[in-house]
Amino acid sequence: MDPVIGYLGPAGTFTHQAAETWAAAHAPGAVLVPLGSVGEAHDAVAHGDVECALVPVENSIEGFVTPTLDALLASGEVVAVGAVTLDIAFDAFVRPGHDALTTASAHSHGLAQCSRFISERGLRPAPAASNAAACRDLDAHSVAFGPRLCGPLYGLETLAEGVEDFAAARTRFLVLARRERASQRLTENAAATANPARPGSPPEGPVAPDPRWHTLLAITPVEVGPGVLARVTETFRRHRVNMSSLITRPLKARAEQYVFVITLGGAPHHEQTRVLMRELLAAGDCLKVLGAYLGDPEDDALGSVLSDHLPKGSVGADAPLSAQNWSLLW
């Protein structure tokens, strides 16, 4: 029987596109099933209704998708075992024979990424549950933004292609599976890395770091107060483990206490990562691996000059004193 793979629907979302991409590489012939929310995707995996499910986790323009992080933080059974990164481009669609266009519809992130097009045409933004839902439910007075596959899928005309404000925006999607599958996959990878001539044999010694791997780690400090975050980041620096992102999520029902969700370079079975985790545990922190996956080599590439992407008004040490005073409120 072909495996069943869920994705954040409806049909025509970027997550649908990511699911098709992942299935083509890892599960040819899989049946793709749309799910109504990140919570539904999590539950379908946890209950065994699907083998795995894809959900968005991070966009290079809008940042992290907090429902995905919160679902992983709250879950005892589900973890990320893979990732797909897509270039995100929006086309503008209309109904054939449309009337005067007054409204622009998309997910709130999509509207934010197409704000210039909306402003130039004098349209009123109308948030939708998803970009695909905006295309599916499009009326004769509206423009909808979505992936290119939405045009033929919903019988729409293309008004304009590539209407996003920033070219080369990217979104990472996580592949969710039950935790035991992740443990098995990591064990197999550790064995293959340690003993390439004898795949399947257990590692005979420490597993060297592999820069292709990324681990999503939740760190909950038991003690709070000045210097807690500095202690955690210093531990990463001392063990030379790269921290590519750090965000905080509130610890539910605990005032002013937070979980640090960190993306680090390496896999849980790498010796360098294990030593880091052991030291954090010894310091009294509580840890949980939310996911481990092979990354896209292009994920960490800027692709252009950093100054093109800095927040407007940022200054460096070489900026004129007047500019520093303006930006830093000195």
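Analyst: Let's begin with the surface, where accessible areas come from the Shrake-Rupley method with a 1.4 Å probe, and for residues only the protein chains shown count as cover. The protein exposes about 16,800 Å², and 56% of that is supplied by carbon and sulfur atoms. Please keep in mind that this is a predicted model, in which local features need pLDDT of at least 70 and side-chain atom pairs count only at pLDDT 80 or more, while totals for chains, interfaces and linings use all residues. Residues are numbered from 1 along each chain as its sequence is written, and side-chain values use heavy atoms, with hydrogens and water left out.

Of the 330 residues in the protein, 45% are buried (under 20% relative accessible area; exposed is over 50%, partly exposed in between, with a 1.4 Å probe and protein chains only). The protein has eleven helices and 15 strands, which are DSSP runs numbered from the N terminus (H or I of at least four residues for helices, E of at least two for strands).

Now for your pairs. Rings of Phe, Tyr and Trp (its six-membered ring) pair if their centres lie within 6.5 Å; planes under 30 degrees apart are stacked, over 60 edge-to-face, and the rest tilted. That rule gives two aromatic pairs.

One joins phenylalanine 14 and phenylalanine 90, edge-to-face, at 5.2 Å centre to centre and with 80 degrees between the planes. This pair links distant parts of the chain, 76 residues apart: phenylalanine 14 sits in helix H1 (residues 14-26), and phenylalanine 90 in the loop between strand E5 (78-88) and strand E6 (91-94). Phenylalanine 14 and phenylalanine 90 are both buried.

Phenylalanine 117 and phenylalanine 145 make another pair: their ring centres are 5.6 Å apart and their planes meet at 85 degrees, so this pair is edge-to-face. Phenylalanine 117 belongs to helix H5 (residues 115-120) and phenylalanine 145 to strand E9 (residues 142-146), so the pair ties together parts that are 28 residues apart in sequence. Phenylalanine 117 and phenylalanine 145 are also buried.

How do such links look across the whole protein? Among contacts (heavy atoms within 4.5 Å) between residues at least 6 apart in sequence, 74% join residues at least 24 apart.

The structure holds zero disulfides (pairs of cysteine sulfur atoms within 2.5 Å).
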